[in-house]
Amino acid sequence: MGDAKSARSRDPRAGNRSTARRGHENLSLARDEVRDVAPHVRAVIGRACGGDMEASAAVLAALDSDQRRGWRTLPDPLPAIPAEHASRTLPPDAAPGRALALALCGTGSVQVLCAIAGCEPDRIPASPLAGLARLRGGRFRFADSALRMRVLAAATSQERLRAHQQLVPILEAAGEREAALWHRARGAVAGDPALVEPLLALARAALRKGDAGRAWSRATEAAEHAPPGSSAHAEALLLSGGAALAGGWIADALERFEQALRIDRGRRGEAAVAFVLAHALRYGTAPAPDPRVSAAAIGRGCGLAGMLSAPFGAARGDDDPGLRWLAASAPAATGAIQDGSALRRVTGALRAGLDGDPDAGLRALADPGAAEGAEFAFGLHARSPLLRARHAVADVLLHTWAGRIGTAYELLSGSAAKLPVALPFGGVAAGLCRRLELAVEGRVGPLSPELAAAAPWTQDSDGFVDRAISAYLRGRSDEAAVHMALWTDRGRPSERAGLPGLDEVGPLGAPAGWEPPEARLARTLRERVRAARESSWRADLDAVAVQSRGIRSPFERARIEALLGSTAAARGDRGRGVRHLRAALSLFEEAGAPAWRGMVGRRLRALGERRPDSSADAGASEGDATRSSLEVCRAMWEPILTARELDVALLMAEGRTNKEIALALHVSVRTVEVHGGRIFAKIDVRTRQELTVLAHRTDQHL
C-alpha cells in the first residue's frame with residue numbers, strides 16, 4: 001500500500017468505481033430501458049444531474065442493479081454525465097487541480113475557499129473559481145451538482161489523492177478538524193491505525209444524527225485503515241454494516257456483517273445476530289446453518305427482522321405474520337434491543353389503527369414530545385432512513401384505514417422520493433401504492449412498479465385483485481368478476497395490511513385476513529347488499545343504510561353508498577339509486593378518490609342526471625336525458641351481470657324468444673336457458689314478463 005495502485009486497491013469504493021466505469025459502456029442504452037430503479041435513488045440521481053432527465057437516465061444506466069434498487073450505496077464519485085448532456089463546463093482559466101479540490105471539499109468556510117483559490121477574500125469575485133461556488137453566511141458550497149459530479153468522475157486516483165492531501169493543511173488552518181481528518185484518511189497511501197478510532201467516532205455521531213451516508217463513508221474508511229483481523233477491524237465492519245442497515249443498503253449491510261463474522265475477536269456473537277438480521281431483510285429467510293451462528297443468534301436476528309418487517313414472521317412459522325404479530329412482539333423485546341420510543345410509537349400506532357382508531361395512531365406518530373434518542377439495534381436510531389421509512393409507511397397505512405385516500409397517496413409519493421419505503425413491513429408499500437394509484441389515478445402508475453422492484457424479496461402477487469379493481473372502475477364489472485374468480489381459483493389469498501380490495505363483484509364470503517373493524521363491517525354490509533332478495537330487498541337496503549351511518553371512513557362509506565345506489569337503480573327504483581349515488585359522489589370527493597368518484601359520476605349520467613361535477617351540461621342533448629329503456633338497463637345491470645348475461649337479458653327485454661336469442665348470439669338454446677336462470681337469480685325476477693316490466697319500470701323514472 002505504498003503507491004497509488006495499492007491505495008486504489010484498498011479504497012472501499014474501488015469496486016463501485018470500477019462497476020461504474022464498466023457501466024459507462026451502457027450509456028447508449030435507450031432511456032426507457034432503465035428500469036427497476038428505487039424512487040429515492042432516482043431522486044438522488046436527478047438532483048445530482050440538475051434535474052436533466054436524459055442525463056439522469058444515462059447515469060442510472062451506468063449503475064449496477066443493486067445500486068439502482070437502493071440495496072447498495074451509490075458509487076463515489078458517481079459516473080460522469082455524458083458530454084452531450086453537460087449544461088456547464090469548467091471555466092477555461094480554472095486550474096483543474098483547484099477545481100478538483102473545491103469539488104472534493106464540497107462545502108466550507110470562506111477562508112477555505114480563499115486558500116483553494118489562492119487569493120484574498122476581496123479577490124474571490126474575480127477568481128476563476130468564483131462561478132463554481134455559492135456563498136452564503138460566510139460559507140461556500142459547490143454551486144452546480146452536475147458539474148461537481150463530472151469533475152470528480154474525470155479525476156484519476158492519483159489526482160484525487162493529491163487533492164485530498166492538499167486540503168488537509170487548509171482545513172486544519174481554518175479550524176475544520178473533522179473535515180481535515182476525513183481528507184487525511186482519504187489522502188493516505190497506506191493504512192494508519194491511529195485514524196481508526198477518530199473515524200469511528202465521526203461515524204457514531206453521524207448515525208445519531210440520522211446521516212447514514214456520512215456514517216457509512218467514515219466507518220468504511222476506518223475499516224480500510226484498521227489492521228486486518230483485529231478487534232478494531234471487526235468494530236469498523238460492524239459499524240459500517242450498521243450504517244448500511246440504517247440507510248437501507250441491505251446488500252452492503254449483509255456483506256459487512258458477514259466479513260465481521262469471520263473475525264474471532266470477541267465480537268462474533270454480535271456479528272452473528274447482525275448477519276442473521278441482514279440476511280432476513282435481504283432474502284426473507286434465516287441463513288443456512290453455519291457453525292459460527294448459534295441458534296440463539298438466529299432467533300435473535302429473526303426477531304429483530306420481524307420487528308422491522310412483520311411478514312417475515314411467516315417464514316419463522318408464525319400463524320399470524322401480520323402487523324398484529326409485530327405489535328405484540330416489539331414491546332416484549334429484551335436484551336440488546338433498546339426498543340426506543342420510535343419503535344414503540346409505530347407499533348402502538350398500528351395497533352390503535354387495527355383496533356379501530358387510526359386517528360389515535362396518527363396522533364401518536366405525530367407526538368413531538370416523545371423522546372427519539374434510543375437506539376433500536378446496530379446503529380438504527382429513530383432518525384435513520386430505515387426507521388423513518390417505517391414511520392412513513394405506518395403513517396400512510398393509518399391514513400388509508402381512516403379513508404383519506406388522497407392524503408395517503410400524497411404522503412407515500414413524497415416519502416418514496418426520500419426514503420427506502422419498500423423495505424419495512426415486508427415491502428407492503430408496493431401493494432399499498434398500487435391500490436392508492438387505482439383509487440386516485442384509475443390505473444397502476446409508475447411508482448408502484450419501482451417500489452416493487454426495490455422490495456428485496458418477492459411477495460405473493462395481488463395482481464388479480466388489482467386488475468379487477470381497474471376493470472370495475474372502468475365500468476367493466478363482467479371483466480372484474482372474471483379476475484376475482486381467478487383470484488378465487490388461487491385459493492383467495494388474504495389481502496395484506498388491510499389494503500382496500502374489491503367485494504362489489506366476485507365471490508361472496510371471501511376471506512379478508514386481518515383488517516380494521518370498519519373495513520370488516522363495510523365489507524359485511526356490501527355483501528348483504530349483494531345478497532338481498534326480491535322479497536325483502538328494500539328492507540335489507542334500508543338496514544344496511546342505517547348501519548353504514550356509523551362508519552367514519554369516507555372511502556368505505558362511499559363504496560357502500562355506491563353499491564346501494566347501483567342496486568336500487570338496477571331493481572327499478574331510480575330515485576333511491578340517485579340519492580345513494582350522489583352521497584357516494586360526495587364521500588369519494590371527501591376521501592380523495594377521483595377514480596371511484598368518476599365511476600359513480602358515469603352511473604349517474606347513465607340515469608340521465610346532469611354531469612355531477614359541473615352545471616355545464618344544462619344544455620346537453622335530449623338523447624342523454626331520454627335514452628331508451630334498454631340503454632338505461634344496460635347501464636344499471638352491467639355491475640351485476642356478465643357481458644353475455646347482459647346481452648341475453650336485453651334481448652329478453654325486447655321480447656325475443658330463446659331460439660331467436662340463440663340465433664342472434666350464435667349459441668345454443670340450452671346456453672340461453674342457462675344464462676336466463678342466472679339472470680333471474682341475480683336481478684330477482686321469476687319470469688321473462690317480470691324482467692320486461694322491470695326494464696320499463698326503470699325507464700319510467702327518467
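Me: Which residue takes a positive phi in the hairpin of strand 2 and strand 3?

Reply: In this predicted model, the residue is Gly137, whose phi is near 60 degrees. Two residues lie between the strands of that hairpin.

Me: What makes strand 2 and strand 3 a pair?

Reply: Pairing requires at least two bridges. Strand 2 (residues 133–136) and strand 3 are joined by four bridges, so they are paired, and they run antiparallel.

Me: Which residues make up the covered face of strand 3, and which the uncovered one?

Reply: Phe140 and Phe142 form the covered face of strand 3 (residues 139–142), while Arg139 and Arg141 form the uncovered face. In a regular strand, side chains alternate between the two faces of the sheet.

Me: Why is the pair of Phe555 and Trp596 called edge-to-face?

Reply: Ring centres must lie within 6.5 Å, and planes over 60 degrees apart count as edge-to-face. The centres of Phe555 and Trp596 are 5.6 Å apart and their planes stand at 90 degrees, so the pair is edge-to-face. This pair links distant parts of the chain, with Phe555 in helix 28 and Trp596 in helix 30, 41 residues apart. Both Phe555 and Trp596 are buried.

Me: What makes Arg218 a charge over the ring of Trp182?

Reply: The distance limit is 6 Å from the ring centre. Arg218 lies over the face of Trp182 at 4.0 Å from that centre.

Notes. Residues are numbered from 1 along each chain as its sequence is written. This is a predicted model: local features need pLDDT of at least 70, side-chain atom pairs count only at pLDDT 80 or more; totals for chains, interfaces and linings use all residues. Side-chain values use heavy atoms; hydrogens and water are left out. Rings of Phe, Tyr and Trp (its six-membered ring) pair if their centres lie within 6.5 Å; planes under 30 degrees apart count as stacked, over 60 as edge-to-face and the rest as tilted. Buried means under 20% relative accessible area, exposed over 50%, partly exposed in between (1.4 Å probe, protein chains only). A charge sits over a ring if NZ of Lys or CZ of Arg is within 6 Å of the ring centre and within 35 degrees of the ring normal.
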